[in-house]
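Here is a short briefing on one protein model. Please look over the sequence and the structure first.

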Amino acid sequence: MKKVLLTILSFVACTAVFAQDLPTNPEPGKCYVRCVTPDVWVNQDVTVQVAPAYKKLSVVPASYNTVTEEVIVQKAGTELSVVPAKYETQNFDVVVQEASQKLEIIPSSVSYEEETVVVQEASQRLEVVPAVYETRTFEVVTQPATQRLEVIPAKYETREETVVVQSASQKLEVIPAVWGTQTITYKKREFGNTLKVVPAKFTSSYQVIEVKPATAKWEMSDTPAAECQSSDPNDCRYWCYKSVPAQNITINTTELASDASVITTPGCDNSNGGADDCGMATYTQKVIETPATTRVIDIPAVTKTVKKTVMVTPPTTRVIEVPAVTKTMERVVMVTPPTTRVIDIPAVTKTVKKKIITPETTRVVAIPEVTQTMKRVVMSTPPTTRTIDIAEKRSTIKKTVLASDARVEESVVPAVNKTVTKEVLQTKGGLTTWKEVDCKLVEYNDLNINWNLGSATLTPAAKAEIDAKLLPVLADGVSVEIASHTDSRGSKESNRLLSERRAQAVTNYLISKGINSSRITSNGYGESRLTNRCSDGVSCTEREHLANRRTQFRVINSK
């Protein structure tokens, strides 16, 4: 009795967790699949460093050469000698009367032109009342006012001027150079470094990699409950959510405790107060302490006083006004116009001659300057110094030179890595849903894959068939069973193994296309489900055997 109660309680608890309700509002003639949304896992490659990179060092000792070097024991110098100045006599012109100007008068000119003058203005007369006239006088300008110029001559005076007859110059006096000696220190022998290699050190370790994390999955009992009243035995089975432990692998690794290094010891070290001069030596060199120079002595210029005429006031002009000439004339002027019919009387004119005078002007006449030729002594070449070169003196010394210092040749030993593939949960499943499917897909559907005899390798044509027919079905989120079969030729066990390899080949191709393995169930049935009479011992054609050598799929409940 206790066992029965425990069975009923387990059934009720599992039914509450995973309900077995049928789809709501189903339509007649349609098929549905119960889908538990699966956990979606993806593979992830993890690279583990099992041995670190480290350096290998090897010492190449220093090498030396003995060389002969030429050094300067007396530096090159110079001495100075005076080159005297050169003089020459030159002729030069002195202006004794500066250039000036004078003005010439250009006389005025007279021209005549005729001018028409109105002596009686135009008027009107009346037939009834005649006009009243009177005679009036007026003046006409017969020669306009003008001007004439009167020249005022320039004024001159005599002045004295100082002229340089011999330019100022210079002469040079040499101050000789002063020589001294100095001691030069040089490196007679060079020393390289001594190197000692300390190799790398390693320690052993390990890493634990979780290749598959802990998870859980639903499992259904093999037998239904004893008190099940449903005609479908699947409605009365127990569903339990069981844990699946994580899977780990341990990888032995090597870790770098300390990398290779070098200890450098100087070839010559007198830092502790030792007497070693580290290959230094000296020699004496003669040098110029004060170079040769010159002192400049000035020679004053020689001058002479001469007389010259200078224009103080330039010539100018004075303007004299000439008045205009006029003439008195008479003309009749209408005082009272007629008061009745007007008769026009044209004006009366008279032609007179008019005198036009162009005023006087001046023209400037240049007076050239008056010069006098004189002689003076001029320094054509100033005094200079001539440099006398003193050649340097050389001597040879021997010294030991470091051709190449001790060095370390380094090579890197690369790290050793190991790639481990682990499963990572991408999307958590567990929701129970009903999904409508094509009723044909619930039953087995053939994949048009023509397996070669004894082969489990997918051809390009077989992959194209899977892409066209099976991948669109899996895109709806359902799970499928891949069932593969063989013909009856060969043993039953070998045919079963061959069919399993063929079903697994299809499964592996689907996984490579991104389908999670939890949604695929692969089964190999061998020759246990023949579609025709071609069993063991029956003679059949190759076409009949090919009908049994097939691969199928059907939609199943997702787990």
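The notes below go from the overall fold to single residues.

This is a predicted model, in which local features need pLDDT of at least 70, side-chain atom pairs count only at pLDDT 80 or more, and totals for chains, interfaces and linings use all residues. Residues are numbered from 1 along each chain as its sequence is written, and side-chain values use heavy atoms, with hydrogens and water left out.

**Overall**

- The protein has 6 helices and 38 strands. Helices (H or I, at least four residues) and strands (E, at least two) are DSSP runs, numbered from the N terminus.
- Of the 559 residues, 26% count as buried. Buried means under 20% relative accessible area, exposed means over 50%, and partly exposed lies in between (1.4 Å probe, protein chains only).
- Take the contacts between residues at least 6 apart in sequence: 91% of them join residues at least 24 apart. Contact means heavy atoms within 4.5 Å.

**Helix α3 against helix α5**

- The axes of α3 (residues 460–469) and α5 (residues 492–512) come within 11 Å and cross at roughly 60 degrees. Axes are lines fitted to C-alpha atoms, for helices over the stretch in contact, and angles run from 0 to 180 degrees between N-to-C directions.
- The crossing of α3 past α5 is right-handed. That term applies if the near helix is turned clockwise from the far one by less than a right angle; anticlockwise is left-handed.
- On the α3 side, K463, I466 and D467 make the contact; on the α5 side, V506, Y509 and L510 do.
- These residues divide into 4 nonpolar, no polar and 2 charged. Nonpolar covers Ala, Val, Leu, Ile, Met, Phe, Trp, Tyr, Cys and Pro; charged covers Asp, Glu, Lys and Arg; the others, Gly among them, are polar.

**R502 and W451**

- R502 lies in helix α5. R502 counts as buried because its relative accessibility is 1%.
- Which residues does R502 touch, not counting those up to four places away in sequence? They are W451, N452, L453, G454, S455, A456, S484, H485, T486 and R549.
- W451 is found in the loop between β35 (445–447) and α3. At a relative accessible area of 3%, W451 is buried.
- Beyond its neighbours within four places in sequence, W451 contacts residues including R502, A505, V506, R549 and T551.
- W451 and R549 are 98 residues apart along the chain, yet their C-alpha atoms are separated by 7.1 Å.

**Rings and charges**

- The count comes to 1 aromatic pair. Rings of Phe, Tyr and Trp (its six-membered ring) pair if their centres lie within 6.5 Å; planes under 30 degrees apart count as stacked, over 60 as edge-to-face and the rest as tilted.
- The rings of Y54 and F202 have centres 4.5 Å apart and planes at 80 degrees, so the pair is edge-to-face.
- Y54 is in strand β3 (residues 54–60) and F202 in strand β16 (residues 201–212), 148 residues apart.
- F202 is partly exposed, at 35% relative accessibility.
- The charged end of K286 sits over the ring of W179, 5.5 Å from its centre. The rule asks for NZ of Lys or CZ of Arg within 6 Å of the ring centre and within 35 degrees of the ring normal.
- R529 lies over the face of Y525, at 3.8 Å from the ring centre.
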